[in-house]
Structure formats: C-alpha cells, structure tokens
Amino acid sequence: MVETGLINLDNVLWTDEATFKLNGHVNRHNCVYWSEENPNITISREVNAPGVCCWTEISSERIIGPFFFDATVSKDSYLALLKDQIEPAIAGKDLFYMHDGAPAHYAKEVRAWLDEKFSDRWIGRRGPIEWPPRSSDLTPPDFFLWGVLKEQVYAERVGTIDELRHKIIAACAAVPVELCQKVCQSVNDRLFTCIEAGGAHTELF
C-alpha cells in the first residue's frame, strides 16, 4: 500500500479519454521533445481520418472500460457515462475519482454529480482535491496506458472502425493486474520528483 498525504494510491481511479484513428495518427500534445534546438518536426497525416474516442480508467485492481463515445465528449455524454457505467462498476467501494480539467469534466452538472457521489473524494479542476493542469507525466493513463494500448492496437494495420474498437477492447483486457498496480503505485515517486523539479517536466529524470 502506498499513501500520498491522506490518499491511498491503491484507491484512486485514474481516468482519461483518448482518440484512436484508423490511420494510426497519435495525438502528440502530451509529448515532450528534449533538444538544444527547435527540432521543427513535421508529420504528414490525413487530418479528418475516421476514428473513435474512448474512455478508460486504470487502478491498482483493474482497468474499467473502454467505453466509446459516438462523437466529441460533451458534458451530457460524460455525465451519462458516469451515471450508467462508472457508478454501477464501483458501487460500494470507498474510492477516489481523478480526471483532468477538460471542458466536459469541468461542467457544473458533472461537478455537482461528483460532489454528491464522491463527496470529498474526487480529484480534478476545482474539486475538493486539486490536480495540477497539463500534468501528463503524473497520471497513469497519460504516461503509461495510452502508449501501451496504441502500440498494441497499431501493431498491425486496422481496416474498419469495428475492428479498431475490438482491438482496443482486447488491448485493455491484456494489461496484467500486477502491471496496473505497479504503474499506479509509481505515481508516488513521480509526485516527489515533480516537487523536486519545481513543477517542471520530469521525464528527463
């Protein structure tokens, strides 16, 4: 068991959404390039390639999901996910829920629901437990899960949206519980490294 402050990291649900494209394009907004000069990287991809947006949660016990959105995540679709899928999956458990500060997550209706269901046990923008924005090197979905899933999904060419969905589901199911636990508990060291780095990027360390 690893505790950070008053939070047992084994009891945190780390959540996020990501888009998977048929052409294998990876959104690099969380990528960090270390270079003395501007690398001026140019990547040519089809901009409007079809794909799917999926949500997953990783904890020390398992991965919940993936769940797929038919369109861009909105406050209504996200709240429906919380009510219809997430609440039944974690019923009766004393857990902390973490999400980032995306607009759909920050909606008044979503925060009201989290206040009711998780009280002082949710982590995020303007939540009872704040989380630093743009901190992709601290959250397990960003520093671990999406990379692992996309490496497996795109190991071979994907032909259809249905095939893409099935490959994402299979990739999630293939992640061992022992690895989930190791990854989630590593957040403790990452947090202290971030503090020591004064809030700067920590992947270099």
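Helix α6 spans residues 177-185, and its buried residues are Cys180, Val183 and Cys184. Buried here means under 20% relative accessible area, exposed means over 50%, and partly exposed is in between (1.4 Å probe, protein chains only). These three cover an arc of only 95° around the axis, which puts them on the same side of α6; the arc is that of the directions from the helix axis to the C-beta atoms. On the face of α6 turned away from the buried side you'll find the exposed residues Glu178 and Lys182.

A quick word on the ground rules. This is a predicted model, where local features need pLDDT of at least 70 and side-chain atom pairs count only at pLDDT 80 or more, while totals for chains, interfaces and linings use all residues. Residues are numbered from 1 along each chain as its sequence is written, and side-chain values use heavy atoms, with hydrogens and water left out. Helices (H or I, at least four residues) and strands (E, at least two) are DSSP runs, numbered from the N terminus.

So what covers the buried residues of α6? The cover includes the strands β3 (12-21), β4 (51-58) and β5 (63-69), plus the helices α4 (140-153) and α7 (187-196). Contact means heavy atoms within 4.5 Å.

Take β4 next. Of its 8 residues, 7 are buried, so β4 is largely enclosed by the rest of the structure.

Now for a loop. Arg134 sits in the one between β7 (122-123) and α4. Is Arg134 buried or exposed? Arg134 is exposed, with a relative accessible area of 80%. Gly101 is 33 residues away from Arg134 in sequence, yet the two are 8.6 Å apart in space, C-alpha to C-alpha.
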